[in-house]
Amino acid sequence: MSAEPGKSPISSPPTVVLAGCAQLPSGDGDDDGLIDALTAAGLSARWLAWDDPEINTADGVVLRATWDYPERLSEFLAWADGVDLLINSAAMVRWNSDKGYMLDLEAAGIPIVPTAVFAPDETVSIPDGEVVVKPAVAGGSRGAARFTDPRHAADHAAGLQAAGHRVLVQPFDAAVNDGETALVYIAGQRSHAFTKGPMLPEPGEEGQLDESGLYLIESLTPAKPSDDLWELGDSVLTAAAAAVGVMPASLLYARVDLLGTGESGPRLLEFEAVEPSLGWRQLPATERGPAMARFALATAAALARR
């Protein structure tokens with residue numbers, strides 16, 4: 001139907017999909033409220049599993065709960081490369097999906113929890129003391145375990161390698177017992193933070209998985225980080241963006257997980273820019289709405305630049 005003389009044609013709002021997975025097609029609940037925020041920002045938004053063919057009709061796709069990708073990595077990365085506008089970008093997803101990125105950040109001058117990475121055909125070296133062994137590509141702490149016996153650690157690593165995984169080995173950092181500080185960034189700017197309680201069980205014990213089986217259940221509480229933590233988070237964000245040749249502001253969302261201060265100062269445990277939980281529910285209602293609005297407006301801006 002043509003527009004009336006003197007009037008502009010009515011255009012449909014840009015469409016955006018929040019991407020989940022078959023087990024969590026509408027996320028895990030942490031992002032409840034984002035659809036309303038995106039709608040208020042002038043977008044048509046809905047949830048779909050990332051491998052739903054209908055997702056290809058959207059103007060933009062925001063990764064939020066694609067937590068089955070570690071088991072389908074090649075398929076997931078190929079899909080990401082084919083999305084017209086993926087937020088965050090396919091280049092960031094490819095780099096950040098393998099925890100070997102920690103070595104890139106260390107080379108950029110970021111203090112990290114000591115990390116060694118071993119290919120499936122390499123001999124794994126287990127340092128003295130308690131260690132954490134985990135697959136380089138994993139989500140929700142699946143496949144990660146603590147060990148005090150180096151033989152058990154080596155056996156776990158061998159099992160991961162036999163399944164085709166690259167393996168990360170890290171000395172267990174007792175600061176984990178005090179919780180991780182998760183710093184959340186929106187469009188390259190500081191947003192909010194929360195504390196993640198210890199996730200990995202004691203050596204020899206098993207953690208409790210969510211009913212979806214995709215992640216270990218977390219204990220989260222609000223946090224007000226010190227300036228030195230935020231400053232390190234800023235440096236991590238800048239280094240991560242540089243690793244894939246983008247500006248920090250181009251990252252719609254990112255989470256920087258740090259361990260405490262202590263004698264060695266704060267250090268990076270993980271940088272998450274694929275599908276991290278953003279801890280919206282840890283914000284009071286008076287702050288949650290404005291934070292989600294900033295996320296929605298940054299999403300609209302990304303679509304407008306398309």
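Tutor: A helix here is a DSSP run of H or I with at least four residues, numbered from the N terminus. The model is a predicted one.

Student: Is A157 buried or exposed, and why?

Tutor: Buried, because its relative accessibility is 0% and the cut-off for buried is under 20%.

Student: What does A157 touch, leaving out residues up to four places away in sequence?

Tutor: Three valines: V124, V133 and V167.

Student: And how far is A157 from A145 in space?

Tutor: Their C-alpha atoms are 9.9 Å apart, with a sequence separation of 12 residues.

Student: Switching to the whole chain. How many helices and strands?

Tutor: The protein chain has seven helices and 13 strands. Of its 306 residues, 53% are buried.

Student: Which residues have the most contacts inside the largest nonpolar core?

Tutor: V62, L63, F76, W79, L86, W280 and F295, in a core of 51 residues. Helix α7, residues 285-304, gives the largest share of this core, with eight residues.

Student: Take L86. What does L86 touch beyond four places in sequence?

Tutor: V61, L63, W79, A80 and V93.

Student: Which residues does the second core include?

Tutor: That core is separate and has 27 residues, among them V244, V256, L258 and F271.

Student: Last one: what share of contacts between residues at least 6 apart in sequence join residues at least 24 apart?

Tutor: In the protein chain that share is 71%.

Notes:
Residues numbered from 1 in each chain as written. Predicted model: local features only at pLDDT ≥ 70, side-chain atom pairs only at ≥ 80, totals over all residues. Heavy atoms only, no water. Buried < 20%, exposed > 50% of the residue type's maximum accessible area, 1.4 Å probe, protein only. Contact = heavy atoms within 4.5 Å. Helix = DSSP H or I, 4+ residues; strand = E, 2+ residues; numbered from the N terminus. Core = buried A, V, L, I, M, F, W, Y, C linked by side-chain atoms within 4.5 Å.
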